[in-house]
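User: Could you take a close look at one helix pair for me, and then at how the chains relate? Here is the model.

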Number of protein chains: 4
Amino acid sequence: MDETPSDGKAVMTHAQQMLETHPGTVQVEAGALIACIEACSDCAQSCTACADADLGEPDVAMLLRCITLCENCSDVCVATGRVLSRQTEFVPELAQAVVRACLETCHTCREECERHADHHEHCRICAEICRRCEQACEDVLSALPM
Amino acid sequence: MDETPSDGKAVMTHAQQMLETHPGTVQVEAGALIACIEACSDCAQSCTACADADLGEPDVAMLLRCITLCENCSDVCVATGRVLSRQTEFVPELAQAVVRACLETCHTCREECERHADHHEHCRICAEICRRCEQACEDVLSALPM
Amino acid sequence: MDETPSDGKAVMTHAQQMLETHPGTVQVEAGALIACIEACSDCAQSCTACADADLGEPDVAMLLRCITLCENCSDVCVATGRVLSRQTEFVPELAQAVVRACLETCHTCREECERHADHHEHCRICAEICRRCEQACEDVLSALPM
Amino acid sequence: MDETPSDGKAVMTHAQQMLETHPGTVQVEAGALIACIEACSDCAQSCTACADADLGEPDVAMLLRCITLCENCSDVCVATGRVLSRQTEFVPELAQAVVRACLETCHTCREECERHADHHEHCRICAEICRRCEQACEDVLSALPM
């Protein structure tokens, strides 16, 4: 996580530190790659938490689609973040297919969360995090060396 | 897992039993769906085991790509098997994107495992399991109600 | 998966084939290890499917605990199956802690599923699969070289 | 992730926002819970990245144990972060067993990473992240309502 020390300079995130100390050549523009890895971690956690919060709502019966899409999104984000984290033998075509699936999953989940954003704050926040992950996926897709 | 009782009739697999007792309408042809869910479980385990076996080989330095692709394949198969197992609020477009990613990942992993099949029996077996999962993914893609 | 060819002899499961072709020395009695790896795969899938089936039931509001425990059980079973599949640098103490967590998770999930077994067939089946996984975990704990 | 806006006040992390908008009563002290959920996400990603970086090192044959323990640690951290994120039907005994397994896994992984910290910067960083996750696990264990 990002921390701002007393001198005001932002230190690197852990994902960034890990990438900078990688012994090989990273094949994707580092900024886009790190942003997507971090967005996947973040979205995976938020979606698990949103599905769980849905279960605690009085109108849980209206949230079945939201629960399912959040569970799917969390699983696909975990897999995508891992595929992108593996740079030693990176295969752009494989990453492309996985990131496209992540984009579709985040997009579908975000649309559903937005439908509940007015009455469930956790859905509003989760939708926003999914939207960031969608953007991060699009940026990585543009940055892949195809 | 499949068991054959004394009367010779095959009993249902657990994945099949779970699907048959699902309260909703399953939106994908059941045979193709179950085969793909089971192939994903199987391939996820085999790929984890193959990556680990690679680490135990004297020529581990020649197997780096195999290790990476097996790890990726295991992660994507876990996510895909879960997405397909969720039928209550099934979204065909989302499933399509995820299964396509799984097909690409299994295909790439299988090609690499095949390169080592002559000298590493675990790679030969893993390649075969990946090939089955590829086929199961193709069959589900054809069976999706798009 | 198990298949019985025409000559009546059961062929090895894929998990068994992968273990038999492992280049190193497997540090846990193979039968107990394979049974637990396969039970974890099986239980992970059944629990994902049971949580999803719960969402499709008219009495979903009575099944919130079942959904949560199934989701937890699926996640812990995936992790446990992977830890046990990695034999090249196996650490018994680590495996012990993880299998104990899996045993606790399967046990808690099974007890909840049993409460719904009379009215939901998928809960009855899932409880049975959890019970098998509990037993497989206990057998591996006894077989660990501590 | 943490962001510091122009007025100097730290905004909440996403995990914190999700927890604060949860409809139910959270059963673990929120600070310890959020720290552990975030440490698990962070450690899961770092361990996947460290295992991958190990594969890119010239002395990969000396890093087999590090690769294996990092893969295990990543898997157990993913499962633990998810179990802790599910608060609607939280079961302290289950969480305890899972967090104990996570503590053991992080501890074992950290000790191995530390052995390579002098010559591999990614191992040094990963060891530090594992150490933080160990501490976060201990803090959650103390905070569980047993």
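In which handedness of crossing does H2(D) pass H5(D)?

Analyst: H2(D) passes H5(D) in a left-handed crossing; the term applies if the near helix is turned anticlockwise from the far one by less than a right angle, and clockwise would be right-handed. This is a predicted model, where local features need pLDDT of at least 70, side-chain atom pairs count only at pLDDT 80 or more, and totals for chains, interfaces and linings use all residues. Residues are numbered from 1 along each chain as its sequence is written, chains are lettered from A in the order in which they are written, and side-chain values use heavy atoms, without hydrogens and water.

In chain D, helix H2 covers residues 30-55 and helix H5 residues 121-143; helices are DSSP runs (H or I, at least four residues) numbered from the N terminus. Their axes come within 8 Å and cross at roughly 155°, with axes fitted to C-alpha atoms over the stretch in contact and angles running from 0 to 180 degrees between N-to-C directions. H2(D) and H5(D) are therefore roughly antiparallel (over 145 degrees). Their contact has 19 nonpolar, 2 polar and 3 charged residues, with Gly counted as polar.

Now the chains. Of the contact residues of chain C (heavy atoms within 4.5 Å), 100% recur in chain A.

Note on methods
Helix = DSSP H or I, 4+ residues; strand = E, 2+ residues; numbered from the N terminus. Parallel < 35°, antiparallel > 145°, perpendicular 65-115°, else oblique.
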